[in-house]
Amino acid sequence: MPAAPKTIRPRRSCLAVPGSNPRFLEKAKGLDADQVFLDLEDACAPLAKPGARKNIVAALNEGGWGEKVRVVRVNDWTTKWTYQDVIEVVEGAGSNLDAIMLPKVQTPEHVVALDLLLTQIETEHGLEVGRIGIEAQIENALGLINIDAIAKASPRVETLIFGPADFMASINMKSLVVGEQPPGYDVGDAYHHILMSILMAARAHDKQAIDGPYLQIRDVDGFRRVADRSAALGFDGKWVLHPDQVAAANEVFSPRQEDYDHAEDILDAYDWHTSEAGGAKGSAMIGDEMIDEASRKMALVISGKGRAAGMQRTTTWEPPTE
Ligand code: GLV
Ligand code: MG
């Protein structure tokens, strides 16, 4: 029986690092990203892929990644590279790797195929079966239509990731600027349906929802604007392509200090009011606000994100004295 997947790893900032560039691999170790993903797919030219596999195995085994979630993005199953990517990386560095990112997932079978291959390699090499997670990138119409089945295709699935560049290309969107609204569409957010579908599948199956890249790497304000939208919906994090985007992502996907403090206050207050000492009430007032069980659930989300981000509370809540 595979081990339960760790779905609550912090992933506010997920840093893309081309596997073909040893200098970037080294530099990534010192950046403050929650996750790194060492790329064998689109950031690696076809001729550079065999060398990149070796660089990645060496970089993972050298260590120095701190608390970062260590992920490798392999090539998708429609290419000729996937099986060798997985075998070489997991045989070479399986115990120093947390998840495999699978791009262009279109059907649940894509996930199942990776799950089965991982299980064989883990078994053969005495690794804990099921520990290595799967991150599924949703990058075209078929993947989005099948997202529910993809999310539940394996207990290894930890995240569902929006791949905006490939997605825009695959649906013939009339724009070349990833993450920004396509010119001519002026009645809302062209990505809303996609983002919400990913978020619903993630929440329905207890996975993390991750937003994809923003390619204008010098425009940190633009990055924040786009990140703010997916964070507001409830996404857990976003890809970052440049050191300047790391701090912005960590901030945008953490609660604001006042919201974190308020959430902890609600939890304390509700705990007390529902206790014998507090009169075993189902609803109560905290300042001018009425709170009940639903408020507690909302507060738990904010407090969970704040605690995972290592935030410290700056308030205390005391029961009323009269
Ligand atoms: C990422 O892989 C993208 O296609 O946006
Ligand atoms: Mg892509």
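## Burial of helix α10

In this predicted model, Q245, V246, A248, A249, N250 and V252 of helix α10 are buried (under 20% relative accessible area with a 1.4 Å probe, protein chains only). Helices (H or I, at least four residues) and strands (E, at least two) are DSSP runs numbered from the N terminus. The cover over the buried residues of α10 includes β1 (13-18), α9 and β8 (237-240).

## Packing of α9 against α10

The axes of α9 (residues 220-233) and α10 (residues 243-252) come within 10 Å and cross at roughly 30°; axes are lines fitted to C-alpha atoms over the stretch in contact, with angles from 0 to 180 degrees between N-to-C directions. The two helices α9 and α10 are therefore roughly parallel to each other (angles under 35 degrees).

In contact (heavy atoms within 4.5 Å) are V220, F223, R224, A227, D228 and A231 of α9 with D244, Q245, A248, A249, E251 and V252 of α10.

## The largest nonpolar core

A nonpolar core is a set of buried Ala, Val, Leu, Ile, Met, Phe, Trp, Tyr and Cys residues joined through side-chain atoms within 4.5 Å. The largest one holds 65 residues, of which L38, V72, I100, L160 and I198 touch the most other members. Helix α8 (residues 192-204) supplies the largest share of this core, 6 residues.

Leaving aside residues up to four places away in sequence, V72 touches L38, L40, I56, L60, V89, L97, A99, I100 and M101.

## Basis of the values

Residues are numbered from 1 along each chain as its sequence is written, and chains are lettered from A and ligands numbered from 1 in the order in which they are written. For this predicted model, local features need pLDDT of at least 70, side-chain atom pairs count only at pLDDT 80 or more, and totals for chains, interfaces and linings use all residues, while side-chain values use heavy atoms, leaving out hydrogens and water.

Definitions and conventions: Buried means under 20% relative accessible area, exposed over 50%, partly exposed in between (1.4 Å probe, protein chains only). Angles under 35 degrees count as roughly parallel, over 145 as roughly antiparallel, 65 to 115 as roughly perpendicular and the rest as oblique.
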